[in-house]
Amino acid sequence: MTLYSRITGTGSFLPPRRLTNADLAAELASKGVETSDEWIVERTGIKARHFAAPDVSSSDLAVEAARHAMDAAGLKPSDIDLIIVATSTPDMVFPSAACIVQHKLGIAGCPAFDVQAVCSGFVYALTVADAMIKTGTARKALVIGAEVFSRILDFSDRTTCVLFGDGAGAVVLEASTTPGILSSDLHADGKHVDILCVPGHVSGGQAQGNPLLKMDGPAVFKLAVGVLESSARAVLAKANLLDTDIDWLIPHQANIRIMQSTAKKLKLPLEKLIVTVDEHGNTSAASIPLALDVAVRSGKVKKGDTVMLEGVGGGFTWGAVLLNY
Ligand code: UT7
């Protein structure tokens, strides 16, 4: 019998501290950094973001999102036999956030590891979990995207610090006799490493180099628009489907203009585009599962819908997953 994988539950968690653009602009003004609600909304579509308290880590956010996903799937932590966390802001250099999540969930023994593909992390992690389920290595996986990007922002750089937020999203992916994940398409091109990176690293007992995010926004924008269309077309072709078969497009939530441009290229009406960037900002690897959970819980995404997930970000990495929800 052919084995497939299927999402059986979604969950998400946002830290309670919510900052509107006006709140952030006021905080930045006190440091001599000038920005405005008008600029942020017009250029990005972002109206607010959430920031975690200083003692809250990615694994804390991940555990909350995972618990919601397991509740939705009707599972207990002891049912889980694989944990993958997509994150670029793990609690420690090592061990992985996934091992810490496993321990906080009160379980032990199952494989647990992180996937580091920045904002494409969730589509990478979902593809890995799908492959492990299809080959019989796991049956009930937790696939999580969790980030505290507020920790790596340079609050003196207005071109980046207004864009990102913290949060986590999770899915339970289970073995199934009917197809859930239909196709995946993953890519990377390391020659673009410099356009979006945190160049610092730990060495000799201290942080070496700049430990804060730097991005050439316009360069990332230009690359993102092109690769998102090609990846969308690739997963459709692999699944023998057409763009008219897509019920919902859930792209990485970085900039409303990039998301709308992809929808337009796929000739999708904007009502089929799930948008949470307005309320979450860019939460990197967490943005897609967060948006999926919002779409499921609001009643938009229903059982049987064809959903396209798309990620793009640092690396440069990009990819898509097409699924039957
Ligand atoms: O998550 C990974 C993927 N990341 C992305 O997809 C991000 C992709 N890039 C973008 O979303 C956009 O490029 C940005 C939102 C980052 C920037 O938008 P843009 O339309 O490309 O603006 P720009 O960088 O060309 O800047 C336009 C102007 C500049 O002023 P001058 O030089 O024209 O006088 C900036 O200094 O806007 C200025 N500016 C700001 N003004 C007020 C830049 N940031 C701000 C700010 N507030 N926060």
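S231 is buried, its relative accessible area being 1%. The model described here is a predicted one. S231 belongs to helix 7, which covers residues 217–238. The side chain of S231 forms a polar contact of 2.6 Å with the side chain of D185. Apart from neighbours within four places in sequence, the residues in contact with S231 are D185, H187, E310, W318, G319 and A320.

The domain assignment divides the protein chain into domain 1 (4–176) and domain 2 (181–324). The contact draws 54 residues from domain 1 and 46 residues from domain 2. Taken over C-alpha atoms, the centres of the two domains are 14 Å apart.

Between domain 1 and domain 2, about 3,800 Å² of area is buried, and carbon and sulfur atoms give 61% of it. On the side of domain 1, C119, V123 and Y124 supply 16% of the area buried against domain 2, more than any other three residues.

## Polar links across the domains

There are 25 residue pairs in polar contact between domain 1 and domain 2, counting pairs with both residues at pLDDT 80 or more. Several elements give two or more residues to the side of domain 1 that touches domain 2, among them strand 1 (4–13), helix 3 (58–73) and helix 5 (121–134). Helix 5 gives the most, with 8 residues. By type, the residues on this side of domain 1 comprise 25 nonpolar, 17 polar and 12 charged.

The count of salt bridges between the two domains is 1.

## Salt bridges in the structure

The structure holds 11 salt bridges. One of them joins the side chains of D130 and K134, at 3.0 Å from N to O. Both residues lie in helix 5, 4 residues apart, about one turn of the helix. D130 is buried, with a relative accessible area of 6%, whereas K134 is partly exposed at 36%.

A salt bridge also joins the side chains of K140 and E174 (2.9 Å, N to O). This pair links distant parts of the chain, since K140 is in strand 6 and E174 is in strand 7, 34 residues apart. K140 is partly exposed, at 26% relative accessibility, while E174 is buried, at 11%.

The side chains of R297 and D293 meet in a salt bridge of 2.7 Å, N to O. These residues are separated by about one helical turn because they stand 4 residues apart in helix 10 (residues 287–297). D293 is buried, with a relative accessible area of 3%.

Terms used: Residues are numbered from 1 along each chain as its sequence is written. This is a predicted model: local features need pLDDT of at least 70, side-chain atom pairs count only at pLDDT 80 or more; totals for chains, interfaces and linings use all residues. Side-chain values use heavy atoms; hydrogens and water are left out. Domain bounds come from an automatic or database domain assignment. Contact means heavy atoms within 4.5 Å. Buried area is the accessible area (1.4 Å probe) that two parts lose on being put together, summed over both. A salt bridge is a side-chain nitrogen of Lys or Arg within 4 Å of a carboxyl oxygen of Asp or Glu. A polar contact is a pair of N or O atoms within 3.5 Å; within protein, one must be able to donate a hydrogen and the other to accept it, and residues adjacent in sequence count only if both atoms are side-chain atoms. Ala, Val, Leu, Ile, Met, Phe, Trp, Tyr, Cys and Pro count as nonpolar, Asp, Glu, Lys and Arg as charged, and the others, Gly among them, as polar. Buried means under 20% relative accessible area, exposed over 50%, partly exposed in between (1.4 Å probe, protein chains only).
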